[in-house]
Amino acid sequence: MTNPLQPDCYHCGLAIDSNVDLTVTINEQVQTMCCLGCQGVAQSIIDNGLENYYSYRTEKGAQATELIPQELTELLSYDIDEIQQEFVEQMSGAQKSVILTVENVTCAACAWLIEKQLVTLPGLIQCNVNTTTARLSVTWVDNELKLSKILLQVAKVGYKAYPFQPDAAEENELATANAYLRKLVVAGLATMQVMMFAMANYFDVLGTLSDGLADYFRWVSFIIVLPVVFYCSQPFYANAISAILAKRFNMDVSVSLAIILSFIASVIATVNDTGEVYFESISMFAFFLLTGRFIEQRAKKKAAQTSSNILKLIPATAQVISEGTQRTVPAKTLSIGDIILVKPGQIIPADGIIVEGNSNTNEAILTGESLAVIKEIGDNVYASTENIDSPLTIEVSCNSHDRLISQIIRLQEQSSNNRPKLATLADSIAQYVVIGIISLSLLTYVGWTLLGADDAFWIAIAVLIATCPCALSLATPSAYTCANATMTANGLLVKSADAFDILAKITHVCFDKTGTLTSGVFKVSHVDSALPTSEILALCATLESSSNHPIASAFTDYQDPSYQLSDCQASSGGGIEGMINGHHYQLGSKNYTLGLTDTVVSTAQSDQQVTIYLSCKQQLLATIYLVDSIRTHSKSLIDFLTRLNIDTTILTGDASNHGDYVMAQLNTTYLVKGQSPADKLDYLMSLQQGEIVAMFGDGVNDAPVLAGAHISFAMGSGSDIAKSSADIVLLHDDLTKVSAGIKLSLKVNRIIKQNFCWAIGYNLLAVPFAIAGMLPPYLAALGMSLSSVVVITNSLRLLKGKQ
């Protein structure tokens, strides 16, 4: 049995058994510990110079014995490459990146402590704790630092970290939501009960309520409001303390001051049996605030639930075909080269290439497009999509970590850590507004006190409550969260924090031609040559075999194993050359293949076709005509931009007249052709001297301009480097969704302006009435909370923007 006088553990707050005598010196004071685990964690914190954690924290740490695994082999297993494939992203060189879930992160002090503990590790490149999602993003050099070491360092300061798992994250979110709901229910019940007693006082116009009964009502109200002050309001206190310790002011500072000061004043009035009590205002204030927070959390959960839901769609098992037999294996164990069978109506368990069968697939979960997609032998299919019609035999093309859906979720997580400039500005404004509100409340109190008003304190409290900037702090985050969800539903993955701001301001859009405005699927129309067509096409296929340019796909079916390629080199915007069976060949533009210096290349062929040339030692062997059709939705996007008075330019490396044909068909404003990647970047930079420019591209050669543009789009069928350089990635090739995205960005700006106008307008309107003493605290609480609900509800309109 523990001694009631025995102090609690300084680290975790649990009771200490009388037989335990463990201590750690913290800030020159001896502190008691309940177990060896807490003693070890606390000593590690002190040894690493992080003793300020105990000054900044707002809650006790978790008991350390629960955080450090009993066997270190559990942590060491995370260093195994096969296990890391499921959750670790391989970056350039030896660099790796991972997103971890961290338990028991409750405030900014927790994030500070974890980051301070990790930055001392050699080989660590970056670490960032998101306190909102309780996730830790880490980048490190694998040959200098191991993941198990990172997890162990986190455990040493009292936290348990493990790879982000949607199911576990959803459980934590559900627990948080339930905690808010419990507090909301308690505050609601208390409000109803306290209001009954308050109404008896308010409406006792005939003075029939005896003094004894009035005192009784006060004491009962005091008892009922205790759980509201000390349980329901805990989130406000925690956030306020964290903000103050970080030398900042947020809306919870003024909220906490209002609740605590009102409670203290009401208690004094109750004990002394003199003055006014506002227990009902306290309970109403907390109830309305919790209602707003609960609605906000529900909105965020609704807007951010896609990651967890999508991964849940991937089946747990897969049917592997091996040596003519089928066997069921866990889907996460599939490796590159495995052959799997997916029957009609089943969800595809892995990214892969169809090797047998043809069917329709439903890719709506990835692209937002509800129409079925025809899939044939050689086509790519993706995990989480549905096979509709016929059985498909698929060769797995990547491990579970590298599949498309996993990449999308990682990008979403990375973008969620970025804050738009407008949101940062709103937080900064809110900070100064809070300072102004507190100052105004003090001045109000002093002014009414000098005037001899008995209710000066309650007038000041009304000012503090009515002008709380809760709605102002919600104005931008709620809008951006809902807009991001809608963009993802439309098949547009937003990677940049400022994408919506810039997208609403664009004045000029540049498009790569091949693979962006056109399908990028080339087919040989015909060949002009004195040599046999089959020989010409085989030579072209051999040269293009090492290229990933869209034109290379036109020659895939013409490979001849008797031709051997060596010394192959590609020239961006020019073509490709190499040695084939001892002879030097060049394939590409006329300038490149024939060594010409003129910049204008014309052909006698129709502009609807792309013309390339094959030469040997700069002697023309053949002229090859390729067909590349314009995308179905390109015209509608160009027309939409024209209606918005946005200029459009086709910026292409193709020097043929095919660019003129595409320009004429789409009616773009400008055409700039025959451009190398460097030329494209120079042109883009010149445009950006006076305009806000967006760039669309899909190829490796588009990466520089995609990275250099104010905002950029990469096509879903484009190269990985193009997608990594872009601000927005199309998860499909439907350009009409871009029009929907631009409309949404304009709507986002309108919604944010409306939210700001409402939030600031309400505060400005409420201030005169509160200062004049015409707004009692309970009405101030109602008005402030309703303003937050209005802002959140207004932002939720953005979730209806799916096209």
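How many helices and strands does the protein chain have? In this predicted model, the count is 28 helices and 29 strands. Of the 803 residues in the chain, 49% are buried. Among contacts with a separation of 6 or more, 66% link residues 24 or more positions apart. The chain's accessible surface comes to about 36,300 Å², and carbon and sulfur atoms account for 56% of that area.

Helix packing can be looked at through one pair. Two packed helices are described by the angle between their axes and the distance between the axes. For helix α27 (residues 736-771) and helix α28 (residues 777-796), the axes come within 9 Å and cross at roughly 175°. Angles over 145 degrees count as roughly antiparallel, so α27 runs roughly antiparallel to α28. On the α27 side, I751, Q754, N755, W758 and Y762 make the contact. The α28 side brings in A780, G783, M784, S787, V790, V791, N794 and S795.

Next come the charged pairs. Side chains of opposite charge can pair when their charged atoms come close. Here the tally is five salt bridges. One of them joins the side chains of K680 and D512, at 3.3 Å from N to O. K680 sits in helix α24 (residues 677-687), while D512 is in the loop between β18 (508-511) and α19 (513-517), so this pair ties together parts that are 168 residues apart in sequence. What about burial? K680 counts as buried, with 1% relative accessibility, and D512 is also buried, at 5%.

K635 is partly exposed at 32% relative accessibility, and D639 is partly exposed at 26%.

K673 and D660 also form a salt bridge, their closest N and O atoms being 2.5 Å apart. Since K673 lies in the loop between β26 (670-672) and α24 and D660 in helix α23 (residues 658-666), the pair ties together parts 13 residues apart in sequence. Both ends are partly exposed: K673 at 27% relative accessibility and D660 at 31%.

L181 belongs to helix α7 (residues 166-202) and counts as partly exposed, with 35% relative accessibility.

How values were computed:
Residues are numbered from 1 along each chain as its sequence is written. This is a predicted model: local features need pLDDT of at least 70, side-chain atom pairs count only at pLDDT 80 or more; totals for chains, interfaces and linings use all residues. Side-chain values use heavy atoms; hydrogens and water are left out. Helices (H or I, at least four residues) and strands (E, at least two) are DSSP runs, numbered from the N terminus. Buried means under 20% relative accessible area, exposed over 50%, partly exposed in between (1.4 Å probe, protein chains only). Axes are lines fitted to C-alpha atoms, for helices over the stretch in contact, and angles run from 0 to 180 degrees between N-to-C directions. Angles under 35 degrees count as roughly parallel, over 145 as roughly antiparallel, 65 to 115 as roughly perpendicular and the rest as oblique. Contact means heavy atoms within 4.5 Å. Accessible areas come from the Shrake-Rupley method with a 1.4 Å probe; for residues, only the protein chains shown count as cover. A salt bridge is a side-chain nitrogen of Lys or Arg within 4 Å of a carboxyl oxygen of Asp or Glu.
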